[in-house]
Amino acid sequence: MEFQAQDAIQWIGLTNEKIQANKEYLTSLDQVIGDSDHGINMSRGFQEAVNKISGESYDTASDVLKDVAMTLMSKVGGASGPLFGTLFLKLSTTFKGNDPVDYATFTSGLEEALSGVMQRGKATKGEKTLVDVWAPVVEHFKQENAFQADKILEVAKTAMENTKDLMATKGRAAYFKEKSIGHIDPGSASSYYIFEALAEAEGGY
Amino acid sequence: MAYAGIVLISHSSKIAEGIKDLITQVVKEVPIEAAGGTEEDDIGTSIDKIQEAIGRADTGKGVLLFYDIGSAKMNAEMAMEMADSENIQLVEAPLVEGSYTAAVESGMGKSVQEVHDAVVKSF
């Protein structure tokens, strides 16, 4: 794996396309167990992130992801702003000084991102949050020693679908208690698009 | 004389403004700033808006932050971490009653820590 500035730009670009295409779907997920703004918020945030990075020239993936993080934090809104912002900020800080980013560094970046977001949201596994997608993906990266696009897709997809049966105990969905069971968590769905985009960018899917 | 400032963080700009109206009817000298809604004034919270409110409310004696549901707390914590001042406290108390009590305490010239402790003790 040789992850460089242009790969990061492609990754965020593809993520944005998926978020835009599924904006209504993400909002419909959030309608049942939240405040129905997830699709709108994420589409605004990622569009702004793409606008920001396409207007600049970058030497490293770390610099790209730092701008992505800062844009998401101030433009997404709701809890998703600081949460997705933290994920990309941790990737950026881990990648700093490593260019191109190799598989081991990418894995550490994901690990740092996961622990950062857990700390920020005071969340753990099994609470029907994006942690339930990020944690198994990080686990997969740690078990392997090379990038496997098809496996990442599979792990992320299964993890996202598994959030359906969980009862939310964190975030706005926690106010809905039992009503939250039976629906995919919106933040997990967005996280799936992030990993689907990564698989496409890096694996040629 | 500087007073400990108060920032009201709510998902709704009307809630934040409404509480500010309620408090300033009786406490006029304490800096109270509303950070309600998103940048577009929709329902939600904004780190940028909270940061700006902290900046305005801090007249040298620090700031206390009060918040409502969901993302308000997380965005408040992020804004706190990004702020230049160390003298900022997030208060775990009901938004309306807590900030009202805090304004009265601050008006007596108490420090951020003293106001914080007094508010937390009353709920």
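Because it is a predicted model, local features need pLDDT of at least 70 and side-chain atom pairs count only at pLDDT 80 or more, while totals for chains, interfaces and linings use all residues. Residues are numbered from 1 along each chain as its sequence is written, chains are lettered from A and ligands numbered from 1 in the order in which they are written, and side-chain values use heavy atoms, with hydrogens and water left out.

**View 1. Where chain A meets chain B.** A salt bridge is a side-chain nitrogen of Lys or Arg within 4 Å of a carboxyl oxygen of Asp or Glu. Take the side chains of Arg120(A) and Glu81(B), which meet in a salt bridge at 2.7 Å, N to O. Helices (H or I, at least four residues) and strands (E, at least two) are DSSP runs, numbered from the N terminus.

**View 2. The buried side of helix α2 in chain B.** Which residues of helix α2 (residues 47-57) of chain B are buried? They are Ile47(B), Ile50(B), Ala53(B), Ile54(B) and Ala57(B). They cover an arc of only 125 degrees around the axis, so they sit on the same side of α2(B); the arc is that of the directions from the helix axis to the C-beta atoms. Buried means under 20% relative accessible area, exposed over 50%, and partly exposed in between (1.4 Å probe, protein chains only). The cover over these buried residues includes α4 of chain A, along with β1 (5-10), β2 (32-36), β3 (63-67), α3 (71-82) and β4 (88-90) of chain B. At the start of α2(B), look for a side-chain oxygen of Ser46(B) that reaches to within 3.3 Å of the backbone nitrogen of Asp48(B).

**View 3. Helix α5 of chain B and its packing.** Val112(B), Val115(B), His116(B), Ala118(B) and Val119(B) are the buried residues to look for in this helix (residues 112-122). The buried residues of α5(B) pack against β3, β4 and α4 (95-107) of chain B.

View 4. Ser80(A) is part of helix α5 of chain A and counts as buried at 14% relative accessibility. Leaving aside neighbours within four places in sequence, Ser80(A) is in contact with His38(A), Met42(A) and Gly85(A). The side chains of Ser80(A) and His38(A) make a polar contact at 3.2 Å. A polar contact is a pair of N or O atoms within 3.5 Å; within protein, one must be able to donate a hydrogen and the other to accept it, and residues adjacent in sequence count only if both atoms are side-chain atoms. Thr27(A) belongs to helix α2 (residues 23-33) of chain A and is buried too, at 12%.

View 5. Most residues other than glycine have a negative phi, and most peptide bonds are trans. Now find Asp99(A) and Pro100(A), joined by a cis peptide bond with omega about 0 degrees. Pro100(A) sits in the loop between α5 and α6 of chain A. Ser36(A) has a positive phi of about 50 degrees although it is not a glycine, and lies in the loop between α2 and α3 (38-54) of chain A. Over in chain B, Asp41(B) has a positive phi of about 65 degrees, in the loop between β2 and α2.

View 6. Lys18(A) and Glu200(A) meet through their side chains in a salt bridge (2.7 Å, N to O). Lys18(A) is in helix α1 (residues 5-21) and Glu200(A) in helix α9 (residues 186-203), so the pair ties together parts that are 182 residues apart in sequence. Another salt bridge pairs Glu127(A) with Lys170(A), their closest N and O atoms being 3.2 Å apart. Glu127(A) is buried at 11%, whereas Lys170(A) is partly exposed at 26%.

Terms used
Contact means heavy atoms within 4.5 Å.
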